[in-house]
Amino acid sequence: MSAGESIRERAARVLDRVARAAARSGRKGEEIRLVAVGKTQPAWCIGEALEAGLTVFGENYVQEAEEKIRAFPSVEWHLIGKLQRNKVKKAVALFSWIQTVDSLGLLSDISRRAGEAGKVLPVLVEVNIAGEGTKAGLAPEELPALIEAAPGLPGIRLRGLMAIPPWTEDPEESRPYFKRLRELFEECAQRSGAGPVMTELSMGMSNDFEAAIEEGATMIRVGTAIFGSRARREA
Ligand SMILES: *Cc1c(COP(=O)(O)O)cnc(C)c1O
């Protein structure tokens, strides 16, 4: 991407690519939630993205997100980074969705804090889809227990699954993981017994969101394709 491009121009191009990929999977662009990932970007970038028509934002760090969420409280904010148990209360207060539930313990904490705050929070379970030792997320074998426990927990609604496949330049290398996550998702949706609430599949980032949409993503999380490259501070 060229450095001179504005957030508006990049956002427009991403939306166009989303619409085309959605059409290839028999859907409309508006059916895909585009989560604009603003980690390490200053708050004014969020303002520009809003002006470009984006309405859903994702942040990785509770601390960093707080200032931006206070600046733009009326948009939909998703937590997409690892949630430490000691930050659950704050995360529940700030975010509209939590995409990174990776244990029953964490889900129970969110349930309790959301109950205290009088909220019902939609959440996704993060799956370690490639079984990478270094990655966050629940092993696929651990999913059934969590899916079965969720309907009994107040304050949360388990809405679907999220995953981050191993990083690769080539989106075709991500596709098998997207397919696998979609299969797991369908098994879970049948198992959940909680009515039609397991509807969301969060997968796909700047380099592979089109393949993810073709494989059934309902949410994509896109950072650099919208905001440009970011200062390196991810770990
Ligand atoms: C940073 C991040 C993204 C966006 O990554 P890009 O490659 O910049 O689009 C998506 N999901 C998660 C969990 C992230 O941490």
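Colleague: Which residues line the largest cavity?

Modeller: Bear in mind that this is a predicted model. The lining consists of Glu-126, Val-127, Asn-128, Ile-129, Ala-130, Glu-132, Lys-135, Ala-136, Ile-164 and Pro-165.

Colleague: What volume does that largest cavity have?

Modeller: About 40 Å³. The count is one cavity of 30 Å³ or more.

Colleague: And how do the residues of its lining divide into nonpolar, polar and charged?

Modeller: Six are nonpolar, one is polar and three are charged.

Colleague: Switching to the ligand. Which residues surround it?

Modeller: Val-37, Lys-39, Asn-60, Ile-80, Ile-164, Met-205, Ser-206, Arg-221, Val-222, Gly-223, Thr-224 and Arg-230. Ile-164 also lines the largest cavity.

Colleague: What lies 2.8 Å from an oxygen atom of the ligand?

Modeller: A polar side-chain atom of Asn-60 does. So does a backbone N or O atom of Gly-223.

Colleague: And which side chain has an N or O atom 2.8 Å from a nitrogen atom of the ligand?

Modeller: That of Arg-221.

Colleague: Next, Arg-159. Where is its place?

Modeller: Arg-159 is in strand β6, residues 156-162. Its side chain makes a polar contact of 2.8 Å with the side chain of Thr-199.

Colleague: What else does Arg-159 touch, leaving out residues up to four places away in sequence?

Modeller: Besides Thr-199, Arg-159 touches Trp-97, Pro-122, Val-123, Leu-124, Val-197, Met-198 and Glu-200.

Colleague: Last one, helix α3. Which of its residues are buried?

Modeller: In α3, residues 62-71, the buried ones are Val-62, Glu-64, Ala-65, Glu-66, Lys-68 and Ile-69.

Colleague: What covers them?

Modeller: The cover includes two helices, α2 (43-51) and α4 (88-94). The strands β2 (56-59) and β3 (76-79) are also part of it.

Key. Residues numbered from 1 in each chain as written. Predicted model: local features only at pLDDT ≥ 70, side-chain atom pairs only at ≥ 80, totals over all residues. Heavy atoms only, no water. Buried < 20%, exposed > 50% of the residue type's maximum accessible area, 1.4 Å probe, protein only. Helix = DSSP H or I, 4+ residues; strand = E, 2+ residues; numbered from the N terminus. Contact = heavy atoms within 4.5 Å. Near = heavy atom within 4 Å. Polar contact = N/O pair within 3.5 Å; in protein donor to acceptor, adjacent residues only side chain to side chain. 1 Å grid on protein atoms, 1.4 Å probe; cavity = no way out; pocket = protein on both sides within 12 Å on 5 of 7 lines; lining within 4 Å. Points joined across faces, edges and corners; volume = space filled by probe spheres on them. Nonpolar A, V, L, I, M, F, W, Y, C, P; charged D, E, K, R; others polar.
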